[in-house]
Protein chains: 2
Amino acid sequence: MNVSNNGGTLYGLGVGPGDPELITLKARRILGSVPVIAYPAPEQGDSLSRAIAAAHVPDGLIEIAIRTPMTPGNFPADDVYDRYASEIALHLKENRDVAVLCEGDPFLYGSFMYIFARLAGEYSFEVVPGVSSLGAVAAVAGRPLVSRNQVLTVLPAPLDEKELERRLADTDAAAIMKVGRHLQKVKRVLSRLGLDEGAEYVERASMTDEKVLPLAEAPDGGAPYFSMILVRRAEEVEA
Amino acid sequence: MNVSNNGGTLYGLGVGPGDPELITLKARRILGSVPVIAYPAPEQGDSLSRAIAAAHVPDGLIEIAIRTPMTPGNFPADDVYDRYASEIALHLKENRDVAVLCEGDPFLYGSFMYIFARLAGEYSFEVVPGVSSLGAVAAVAGRPLVSRNQVLTVLPAPLDEKELERRLADTDAAAIMKVGRHLQKVKRVLSRLGLDEGAEYVERASMTDEKVLPLAEAPDGGAPYFSMILVRRAEEVEA
């Protein structure tokens, strides 16, 4: 979207769920053409989206690690994103395109939207959709998310227990995201609803250390942030 | 997933939402390696998923067009899929891998699941997730689907008007799929709920003839099957 004739373009670049081969041709092309990339990273250590894209990042790019505290359940303070948005804006002002790498899809719970919200009004932007964790989880679990006229509810596990229960009681299928330390709460809710038996637990879908387990065999404690639970009501897809 | 040491592998290959550049490296690699491809197609005319993948389909492959009536709201009869599944199985039995091309993601309302349901128990299979229309629509509309701990409801427009209204009244964000001839019904519901103003209508996201319009400017009659409406409650993503 071109909102200005001046300045570089801000790209939100979906790099897919983890397997480097699940990057799109378009994301790869843009990685080969921009002078600046930025990516979310923990306060210490490596960025997952940077690692996914590694094979396609040319040497010598300017790189901005958007380091934020990864405290589950808390969202980083506005001032952190204000600062990184300003740093990115400096490049855009100088007509340098900046690609912000995003795990999965940029607009499905992606942190890219905090940068986007701060810069999209002033600079040209383009969002390149990526393979989302939703599709990856269903693929590795070998089960359709939804078919025909079924309703799919995408729920963040940090929601209140009562709210989770209410919503899970009233949908054909659900994908519960951001499971992390909420795993035991989600297990309780699904068990009360009688939905635990058919539920599947997936950790790090499409990555080399992915795990796919019936929910009953999921860990006893917490789960990694990149874990998801798939739930389906009763009937399988009619063949 | 390997369920058998005999026979070829059945691939469900997501080829993305329409832009041929939104295909993944993995889908492209598999297209270059299989002797047989299959793809959904109308009774007359060309297959969209075959067209999306065209640049990566080598000459001389065996091709199976899965031709089904595209009557909106009706799902093809079982015997049609029985027949195509048998045709595909003949190749798998002869140790020929078969890739079934799927628009978007194979497991999000994809017709691949009808083939999958018939063959996955007997043959090895692998599902390659693709960029879904959900991500593509959000990208071209330039608006996040959901952020933080918001709930996303994915709703097929053919649902009953009351049911649509009940679900749209109770979610943070919604993607209404398969709009087609249900456009006016969806407009009525969103208007009653006061959700029409912020809603966006997107036709053929990521294709060369895509359209992105505020819902108020959507067509007066029906819409193409590949159209979607994005709905968000009140507040934008907080910056």
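Colleague: How do you know what relates chain A to chain B?
Modeller: Chain A can be laid on chain B by a turn of 180 degrees and a shift of 0.0 Å along the axis, with an RMSD of 0.0 Å. The copies are superposed by least squares on C-alpha atoms of residues with pLDDT of at least 70 in both. That is the relation of a two-fold axis. The same surface serves both copies, too: 100% of the contact residues of chain A recur in chain B. Keep in mind that this is a predicted model, where local features need pLDDT of at least 70 and side-chain atom pairs count only at pLDDT 80 or more, while totals for chains, interfaces and linings use all residues. Residues are numbered from 1 along each chain as its sequence is written, and chains are lettered from A and ligands numbered from 1 in the order in which they are written.

Colleague: What makes a residue part of the contact?
Modeller: Two residues are in contact if their C-beta atoms, placed from the backbone, lie within 7 Å. By that test, 45 residues come from chain A and 46 residues from chain B. Strand 6 of chain A gives the largest share of chain A's side, five residues. Strands here are DSSP runs of E with at least two residues, and helices are runs of H or I with at least four, numbered from the N terminus.

Colleague: How do you know which way strand 6 of chain A and strand 6 of chain B pair?
Modeller: They pair in the antiparallel sense over three bridges, and pairing takes at least two bridges found by DSSP. For instance, A:V154 stands opposite B:L152.

Colleague: What makes strand 2, helix 2 and strand 3 of chain A a unit?
Modeller: They make a right-handed β-α-β unit. Right-handed says that, with the strands pointing away from the viewer, the path from the first strand over the helix to the second runs clockwise. Strands 2 and 3 of chain A pair in the parallel sense over six bridges, with A:I37 opposite A:E63.

Colleague: Which domains does chain A have?
Modeller: Domain 1 (9-131) and domain 2 (134-232), with bounds from an automatic or database domain assignment. Their centres, taken over C-alpha atoms, are 27 Å apart.
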